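Please have the structure open as you read.

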Amino acid sequence: MTEKEKDNNPGGVSRREFLKDAGLLVGGTAIGSTVLLAACGDGETVTEKVTTTVTSTGATTTKTVEVGEVTKTETITQQKFVCPIDSMEFDSLAELQAHFEAEHGGEAPATALNVVKLTINGYEWEGQVEPQWNLKDFLHDRMGLIGVKSMCGGYGACGSCSVILDGKPVLSCMVLVIECNGAVIETSEGIAASQHPIIDAYIMNNAMQCGYCTPGFVVTAKALLDRNPNPTEADIREALEGNLCICPSYYAHVPAVLAAAETLGGA
Amino acid sequence: MSMVPEGMPTEHNWETEDKILDIPLRFMVINRRRDPDIPESYNVIGKPGYRRTDGWDKASGKAKYPRDMSSHGMLYARTLASPYANAIVKSIDSSAAEALPGVRYVLKCDDSDFMVQYVLTAHPLFDGEPCAVAVVADSEEIAEEGLRLCKIEWEELPFAVTAEESLKPDAPSVLNTRHPYRDRSQDPTVNEINGTFAGSYCEFGEIGDIEAGFQEADQIIEYDISREENIASCPSRANLQVWGIEGSSQTPNGGPFSISESYQSFYGGFGAMIQHVPFGLLGPILAQRTGRDVLTVATASQDGFYACADDCGNQHFKVGFKNDGTITAVQLDTLYNGTGFQTGIAHIAGFTSIKNTLCNYKSAWTNRSIMGPNRSELRFNTQAMAILFGKVAAELDMDPVELSLMNNGYEGHDVQALMQWQKDHGHPERDSLQECVDAGKAVMDWDNKWHAPGAKQLENGKMHGLGFCWDHNWSSIHENSNVSLFLQVNGKLNITAHHAEHGCDALTTMCMLAAEATGLKYEDVYIRPAHNYDGFALRSGGGSASMSTNAWSIQRAGRELKPQILKAAVAEHALEPTYDGMQNPEEVVLTSAFPGLEWTDLDIKDSVVFEKANPDNSMTVAEVMGRTSTQPTGMYGEAIGPIHAWGCNTSGMYGAEHDRPTLNRQAMFVEVEVDTETGMVELLHGCAVNDVGRVIRPEGCYGQQVGGYIMGIGRSQMYEVIYDQATGARLNTNLLDYKYPTMNDFTNIDAVAIETEMGFGAYGVVGVGENACDLMSAPVANAIYNATGVWALDFPLTPAKVLKALGKA
């Protein structure tokens, strides 16, 4: 918006006011939610006729701002910590804890406030979670790690949602995020980013068909190689037996994992 | 290009006279023929080792499937799964759901829009059918909670989950007008309340004279085959409905629409998942009602198990044959649950020399899942073929392989007539089945291992058996496709096309085909999904015939593109860029990169344009394109527009002569051991032999053959949806209770690809993806008979059913 346009819109709201409004809306939807920055820059205003729609999916909040006929959708930029008693929001865990102690009488350890600290693919994340959130949905829907797939729909039956949790392969649909405080989590995206040879071995051995289950296999195979750098064919079959492939691509996984092991051994 | 997967051939065995050179083998390509119209060799196709173009995305988890799609402000929709096999919604109180924070919209079946009434039925006809109400919310879990808060009053109705019950005079009406094949209910021969079709099947009713065939026979036998409802799809599904636009899990285009948010990857649906049409229409309605993008998500039990394979039913066979093995008559009385898409007689009538056949076909609506083709129409037909030859061979104490060869042919004509037809129509005089059989028998050491039924006990006490079956190799171009090739100024080629990458590695294969057709290197070819930004909705085969159809389209586009590159190479341009644009045009010397040559004097190989008579006179395609297209200012000479070509294939347009018989064959061999105490059947060795016409991508071909074999293990021994007869409820609609094969359920598989170049597709290809798994059920049954002397024909052949056949349960 140009300065001239601003002058013609004396009733516009400031960015600060916009954010305040957004924060109130968000605070009313879910704890652990995030607020959004307005599309305009500092000092800019948006037109007065602003309608907002807030979509909250727990930790992730998306806000669609309709300015006249123009619709802008904002991105997530900031993590908020919400008091479980009065829903007040704070920018840090320390502020929330101070508030809790002052207003609600008593110390509140992070875990009591549903705050977990995770290391996901090497990056630290700290925030509030709902007690019922499972790790699969948290990673896929809220962290955007779409390599955490779901074939069986949360029965713990297919292995597509496998992640490495503190060094062990787990079915993330069977794990609650709130149980994971302090955990180190590795997904297929992290394995790929680390240039682990299992990725190239899977590609060159064509160890995939439709590919939906493949990240789960990659995770399980990487966990196997972490604990057993020289697996036999029987070791590989046993380790991967819990991962289902419907197409199926089973025939190519053993050579893929053996190739990765050979590469690792030669490194 | 450096790393060849274990078991893959390191070179094409072009002129292999000795059919099996290297045993044991995992994969071998056999081609013994050179058609004069076909090049001596190809630059790209048929060669292993090309890096899979979508490999990194799939291995790293970055590949986007419909469930992974998201957009700002996207909402989630869930529909109610019917708790009853047959019931009517009397009323819905959704007030509590609508009051739930985060719920944005509730769509109910009493909506005034007739389309909603179609999509969201008030009369579900099977347990789990999406019905009654859909809740749109900020998250999937809120939508699910909203569904739980909806209070629905139901009127339960009588149900029938078997065809026999459904066809009783007092059976409840369970006609499912929402089924995609519902039109069959209009057939005037329907004579029962729930009959979808009855009478002699129109295409394969009576061929020849069935009674004369039985009179001609020396022996007549009768037997029954039955199969339980089954599914072999990846049970995960979601559709992102970008406002007013519809996408699907099978292909990214739905009729006149295309999806603007493109996803490259699809679940391994194998066809059946697209059968429930209403699900695909729900999203656009919800997106329109909410003004937002809506991701409609189905639960595994809803989606994975409401679209089952269409071969659930019973077949009664009556077979007449002579003592020399000539089969004279086959009569099939069949009864299917739901709408059988298959007959069981089609392949016997179409691909053998048996002159007299009759199919009395009947199917009935039941309160079961939607059924449709699931990885091919081959299955019941293939099963019927295999058991037919196995049964007759057993009666005559013959090797079923030899009996099959005796009766090979087409439409009642013998194999000599088939050879003559091939000769008359420009095809090689190759006996495809004979070649498949020769290869498979050699791999399996069949002649040394074959024994009489029940005659071989292994040291571990189990019984040893061999099984065999054969059929035609899926060969069709029944689908349409469009492909666009666009050569960028840097010499890179973009393929824009829809595709059906369900796991057959369609993307890499299409890049290889484009490289072959244009002369470019594989590494210079890229593919991206088509969407509506490209102007109009491209179409592609949905999967079954995607290779055959897309191969034609790419070949055609490539052959139009290549001359354009060569013409660009001989176009006259300033050799040096005229940066200031101020030179007098009369002073600029315009020259061709290949002075004095016509474009027809040139060719392209490995992305290099060269003079055919003097290959050292060359220039890379990138240089040609850069020379003609990238001069920043003051360009002189002939302007070269975008080098671009379209290719299309209309169903049946290319390569498909009228009334052409199917020429390619396939064979499947298995070796098993049967524990007669437990009923366990263990596969010791298997070999899939497919006349694929032409191998394009060896890894993909091998993967479909062996992958299909493993899926076939599930079909033969595991896949079974179990219904509670008392309630009509499905009891095992999850992956804990419904069994799929795992890493430890297979071993020791070989694959052989025969190349006869007799397929419908470009380069003589046929599809291979639907084949091996379709053949797999029947040879297991034949092998169990060979091991025990007892026929087990109630599929799937679980240990319990084998024990029952053995009289031990």
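## Two helices in contact

In this predicted model, helix α15(B) meets helix α16(B) through A506(B), T509(B), M510(B), L513(B), A514(B), A517(B) and T518(B). Their partners on α16(B) include S546(B), N550(B), I554(B), G558(B) and K562(B).

Two packed helices are described by the angle between their axes and the distance between the axes. Here α15 (residues 506-518) and α16 (residues 546-570) of chain B have axes that come within 8 Å and cross at roughly 35 degrees. The crossing of α15(B) past α16(B) is right-handed.

Leaving aside residues up to four places away in sequence, A514(B) touches L485(B), L493(B), I495(B), V525(B), I554(B) and G558(B).

## A helix with a buried side

Over in chain A, helix α3 (residues 93-104) has 12 residues and reaches 15 Å from its first C-alpha to its last, close to the 16 Å expected. Which residues of α3(A) are buried? They are L96(A), Q97(A) and F100(A). These residues lie on the same side of α3(A) because they cover an arc of only 100 degrees around the axis.

The buried residues pack against β8 (81-82) and β9 (89-90) of chain A, while the face turned away carries the exposed A94(A), A102(A) and E103(A). Just after α3(A), G105(A) takes a positive phi of about 65 degrees.

How values were computed: Residues numbered from 1 in each chain as written. Chains lettered and ligands numbered in written order. Predicted model: local features only at pLDDT ≥ 70, side-chain atom pairs only at ≥ 80, totals over all residues. Helix = DSSP H or I, 4+ residues; strand = E, 2+ residues; numbered from the N terminus. Expected span 1.5 Å × (residues − 1). Buried ≥ 20, exposed ≤ 12 C-beta atoms within 10 Å, placed from the backbone. Arc of directions from axis to C-beta. Contact = placed C-beta atoms within 7 Å. Axes fitted to C-alpha atoms, helices over the stretch in contact; angles between N-to-C directions. Left-handed = near helix turned anticlockwise from the far one by under 90°.
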